[in-house]
Amino acid sequence: MKKHIAVLAGDGIGPEITAGAVEVLKKVAATYGHTFTFEPLLMGGCAIDACGEPLPAHTVERCLASDSVLLGAVGGPKWDGLPGDKRPEKGLLGIRKAMGLYSNIRPAKLWRALADASPLKRELVEKGVEIIVVRELTGGIYFGERGTCTDADMGETAWDTEKYSVKEIERITRIACELAQKRSGRIVSVDKANVLESSRLWRRTVHAFATKYYPDVTVADMLVDNCAMQIVKDPTQFDVLLTSNMFGDILSDEAAQVTGSIGMLASSSLGDTTCGLYEPIHGSAPDIAGRDVANPIATILAAAMMLRDSFGMTREYAAIEGAVERTLEEGWRTADILSEGMKKIGCHEMARRIADNI
Ligand code: IPM
Ligand code: MG
């Protein structure tokens, strides 16, 4: 197959980790007889520096014309002082919205070779942890109305709005139900329905939709505060976790840490077409940028998800996942997942070893 991939390397460690993923994709192409072409594009802080805005129109246009998009990470202290709508993160939110990517899948799994990397006691995780967070990605408080004002009594004031429509809730529920059908048949839907009106609509809609169209899927509700606690108390109870944009942002970091390192967690963002955006869930880690110590595995696994979920290449997905597992079993570790007796390597070498294991 011929595929054209847009690459948004971004800021901080973004260029190093995406270079690693591209190296692995090139090895896959050579091994399985595909032609992948890569088009670097600017988004985030690097775009602010080059063109004065986090998401140039050219980038949106070219991403939409690509077969899929690979993204590193954006942001850094250099741009922290900028107003909200000029920040690098605005570029990321903008591209998600422009491509209509309402469905964000974040699988947090405990790798066999990294069983000891979990900060939880062994008996809590030895049954195996695999939590698939299905996060709504283009709605909620991230995109609701916001503003600042001066309140007569309270002085300087700022506000953001959590807002969801039935349509937005239904389409993400469908994604979670279809995933659950291929797995345990169980979904835990997370909300704050004891306080928020938007969560009450969320809960009602999820149940009505799932009951009507996916009667074989069981939906249980959990309040977000309880869910945050349950993830560290007994992460093995979860399979598919369905939630809103902001709760999904928070719970996916927590689930990632429970499985060892946020440096291992990839994500796919899709809408109604096969052109998606694939990225690690971690940030741009400016403190370690340019030192060749970052963990490229999350981005490499994101590239694998692209092959499977956008291009239908299941063999190639399995080949990358297998190569990651093998490289870990050989004892190679980046600093974030290093444990006693293991061999420490940098970002570049980790990617090369994974590519060699394809
Ligand atoms: C993520 C990140 C982003 C988000 C930031 C960088 C805007 O934390 O992808 O989880 O909040 O969605
Ligand atoms: Mg996040």
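A residue is termed buried when its relative accessible area is under 20%, exposed when it is over 50%, and partly exposed in between (1.4 Å probe, protein chains only). The structure is a predicted model, in which local features need pLDDT of at least 70 and side-chain atom pairs count only at pLDDT 80 or more, whereas totals for chains, interfaces and linings use all residues. Residues are numbered from 1 along each chain as its sequence is written, chains are lettered from A and ligands numbered from 1 in the order in which they are written, and side-chain values use heavy atoms, with hydrogens and water left out.

Helices (H or I, at least four residues) and strands (E, at least two) are taken as DSSP runs and numbered from the N terminus. Two strands are said to pair if DSSP finds at least two bridges between them. Strand S1 is mostly covered, with seven of its nine residues buried. It is joined to strand S2 (residues 35-40) by six bridges, and the two run parallel; within this pairing, histidine 4 has threonine 37 of S2 as its bridge partner. Strand S4 (residues 103-109) is also mostly covered, since five of its seven residues are buried.

A nonpolar core is a set of buried Ala, Val, Leu, Ile, Met, Phe, Trp, Tyr and Cys residues joined through side-chain atoms within 4.5 Å. The largest such core holds 40 residues, of which Ile297, Ile320 and Val324 touch the most other members. Two or more residues each are supplied by strand S1 (2-10), helix H1 (14-32), S11, helix H10 (297-309), helix H11 (314-329) and helix H12 (347-356). The greatest contribution, nine residues, comes from H10. With contact defined as heavy atoms within 4.5 Å, and residues up to four places away in sequence not counted, valine 324 touches Trp111, Ile297, Ile300, Leu301 and Ile354.

Aromatic rings of Phe, Tyr and Trp (its six-membered ring) pair if their centres lie within 6.5 Å; planes under 30 degrees apart count as stacked, over 60 as edge-to-face and the rest as tilted. Four aromatic pairs are found in the whole structure. In one of them, the rings of tyrosine 164 and tryptophan 202 have centres 5.3 Å apart and planes at 65 degrees, so this pair is edge-to-face. Tyrosine 164 lies in the loop between strand S7 (155-160) and helix H6 (166-182), and tryptophan 202 in helix H7 (residues 197-213), so the pair ties together parts that are 38 residues apart in sequence. Both residues, tyrosine 164 and tryptophan 202, are buried. Phenylalanine 209 and tyrosine 213 form a tilted pair, with 4.8 Å between centres and 50 degrees between planes. These two residues of H7 are separated by about one helical turn, because phenylalanine 209 and tyrosine 213 are four residues apart. Phenylalanine 209 is buried, with a relative accessible area of 11%, whereas tyrosine 213, at 47% relative accessibility, counts as partly exposed. Ring pairs link Phe209, Tyr213 and Tyr214 into a cluster.
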